[in-house]
Each structure stands twice: as structure tokens, then as C-alpha cells.
Amino acid sequence: MRKRMIAGNWKMNKTFSEAVVLAEGLARELEGGTGDVDVVVAPPTVDLKGVAEVIEKEEAPFALSAQNVYWQEAGAYTGETAPNMLEAIGATYCIIGHSERRDYFGETDEDINKKAKALMAHGIVPISCCGESLEIREAGTHVEFVVDQIKKDTEGLEITDPSKYVIAYEPIWAIGTGKTATADDAQEVCGAIRKTLVDIFGEETAAGIRVLYGGSANPSNIAGFLEKEDVDGALVGGASLKADGFADMVRSAMA
Ligand code: PEP
């Protein structure tokens with residue numbers, strides 16, 4: 001059975017002290033626990049240490065994620081962060097392949113595949129993002145497009161524990177725009193992702209991989225997505241920057 005997951009992507013928001021305040025606020029909001037729901041927060045790289053300390057001190061019921069990683073172990077890669085650095089700081093998840101990284105920084109599916117392998121070699125769970133542009137959605141080829149991304153992003157991955165690989169379907173036209181996909185739109189693509197995972201990894205593994213929806217998810221619309229068979233939670237951007245609203249989303253997933 002797949003555990004639901006609510007993950008917050010703070011993107012390039014919050015200085016070190018602001019990130020600590022937000023993490024402390026979330027720890028207070030969730031001090032009663034999160035039931036069967038895995039909760040993850042992804043602060044900017046420079047804030048990871050501060051949030052890790054809050055999690056430890058407050059025994060907070062959420063896990064730490066990075067927003068990006070480089071696949072090399074060490075060396076002359078100015079500005080990059082290696083998987084063992086994330087591991088050492090206590091990050092147990094890492095977002096890869098976010099559409100903003102694909103669009104603004106030219107990341108390819110091949111890069112994302114290398115990042116997934118490097119993270120998994122260090123026991124860090126990738127939250128691997130996929131999703132189509134508005135142009136592709138309007139052309140009606142979104143399912144084929146996303147299935148192709150999944151095939152490339154997972155090529156050669158060995159998944160022994162399916163709870164340790166997470167996919168986030170994020171239609172680009174719904175990210176940060178206030179335009180959400182409908183729950184049926186999300187199910188259409190998340191269901192196609194599940195079928196593709198069955199073809200690649202077999203029924204049992206595919207049944208254990210979480211597929212999240214992301215794109216203007218908020219406390220008012222999350223319940224509709226969670227009703228869908230192949231939607232196992234949400235990757236939340238803007239709405240994860242307020243502790244009370246994000247905690248409300250976690251509570252919806254616990255219901
Ligand atoms: C995201 O960036 O992963 C995201 C889903 O953003 P938002 O919720 O703000 O649309």
C-alpha cells in the first residue's frame with residue numbers, strides 16, 4: 001500500500017533565518033503527528049542545515065529534501081552540490097527535473113536520469129518531476145509526452161524498494177499560475193504514468209511507487225486530487241510557504 005506524501009518545494013524563497021522560522025512554525029503545526037502521511041520540505045540549499053537542525057531539535061515529523069543535485073561525487077563543478085553532501089546534512093529526499101530547472105537551466109532527461117542514479121547510490125529518494133507545456137497540452141499529445149519523459153528518466157534504474165522513488169506529475173501550465181489541472185486531468189496522466197511503470201518495472205514495483213500531482217495545489221483543492229486512484233499526494237510550491245496552510249494540506253491527506 002502506498003503512503004500518501006505531501007512535499008513542499010520552497011523554491012528560491014526564504015533566507016536562512018526565515019527558513020528556520022518557517023520550519024519551526026510547521027513543526028508546531030504538526031506536533032500531533034502526520035499519521036500515515038509522509039511530509040517533506042525542500043528549502044534552498046543554503047537553508048538545508050538550519051532546517052535539519054529544527055527537525056532534530058523539535059523532533060519534527062517531516063523529512064528534509066534538497067531541490068537539486070549534481071551527479072558527480074566531487075571535483076571541479078563550481079556551484080554544484082554532490083549527493084554525499086546532501087546525505088551528510090541529513091537530506092533524505094531530493095527534487096530532480098523540476099520544470100524550472102529544465103526550462104531555465106537546460107536540464108535534459110539524460111541529466112535527470114544520472115541524478116536519480118547518483119542519489120539512489122547514496123540512499124537519497126529522488127522526487128522526479130515530469131509534465132507538459134501548455135502547447136503540448138493543447139496539441140493533445142500530453143500523455144505520450146509524459147510517458148516518454150518517464151521512460152527516459154527511469155532508464156536503467158534499479159528499484160528494489162518502490163517507496164524510495166517518487167514521481168511528481170506537474171503540468172507546466174499549472175505551476176505558479178493559479179490554474180490547476182482538474183482532478184480528472186491529473187488522474188489521466190498519473191494513471192498513464194502508473195501503466196508505464198508497470199511496463200518498465202512490473203506490477204509489484206509499480207504499485208509501490210508514489211505519483212504526486214503538482215501545480216497550484218492548495219488547501220482548498222487538494223482533497224479532490226487525493227480522491228483519484230493514481231494520485232498519491234502533492235508537490236506544493238507557493239502554498240508550502242505558509243506553515244498553517246501547508247499543515248492543512250497535510251491534514252487533508254490524513255483524512
Ligand atoms: C512546484 O513548483 O513544484 C509547484 C507545484 O508550484 P505551485 O504549487 O506554486 O504551482
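## Salt bridges and cysteines: worked exercises

Asp 232 is buried, at 5% relative accessibility (buried means under 20% relative accessible area, exposed over 50%, partly exposed in between, with a 1.4 Å probe and protein chains only). Keep that residue in mind for the exercises below.

This is a predicted model, in which local features need pLDDT of at least 70 and side-chain atom pairs count only at pLDDT 80 or more, while totals for chains, interfaces and linings use all residues. Residues are numbered from 1 along each chain as its sequence is written, and side-chain values use heavy atoms, with hydrogens and water left out.

**Exercise 1.** Find which side chain meets Asp 232 in a salt bridge.

*Solution.* 
- Start with the rule: a salt bridge is a side-chain nitrogen of Lys or Arg within 4 Å of a carboxyl oxygen of Asp or Glu.
- The partner is Arg 194, at 2.9 Å from N to O.
- Finally, look around the pair: a network of salt bridges links Arg 2, Arg 194, Asp 230 and Asp 232.

**Exercise 2.** Work out which parts the salt bridge of Asp 185 and Arg 137 ties together.

*Solution.* 
- Check the distance: the two side chains meet at 3.6 Å, N to O.
- Asp 185 belongs to helix H8 (residues 183-201) and Arg 137 to helix H6 (residues 134-139), so the bridge ties together parts that are 48 residues apart in sequence.
- Compare the accessibilities: Asp 185 is partly exposed at 21%, whereas Arg 137 is buried at 16%.

**Exercise 3.** Locate Arg 251 and Asp 248 in the chain.

*Solution.* 
- Both lie in helix H11 (residues 243-254), three residues apart, about one turn of the helix.
- Arg 251 is partly exposed at 34%, and Asp 248 is partly exposed at 37%.

**Exercise 4.** Count the disulfides.

*Solution.* 
- A disulfide is a pair of cysteine sulfur atoms within 2.5 Å.
- For Cys 94, the closest cysteine sulfur is in Cys 129, 9.8 Å away, too far for a bond.
- For Cys 190, the closest is in Cys 130, at 7.8 Å, again too far.
- The count is zero disulfides.

Key. Helix = DSSP H or I, 4+ residues; strand = E, 2+ residues; numbered from the N terminus.
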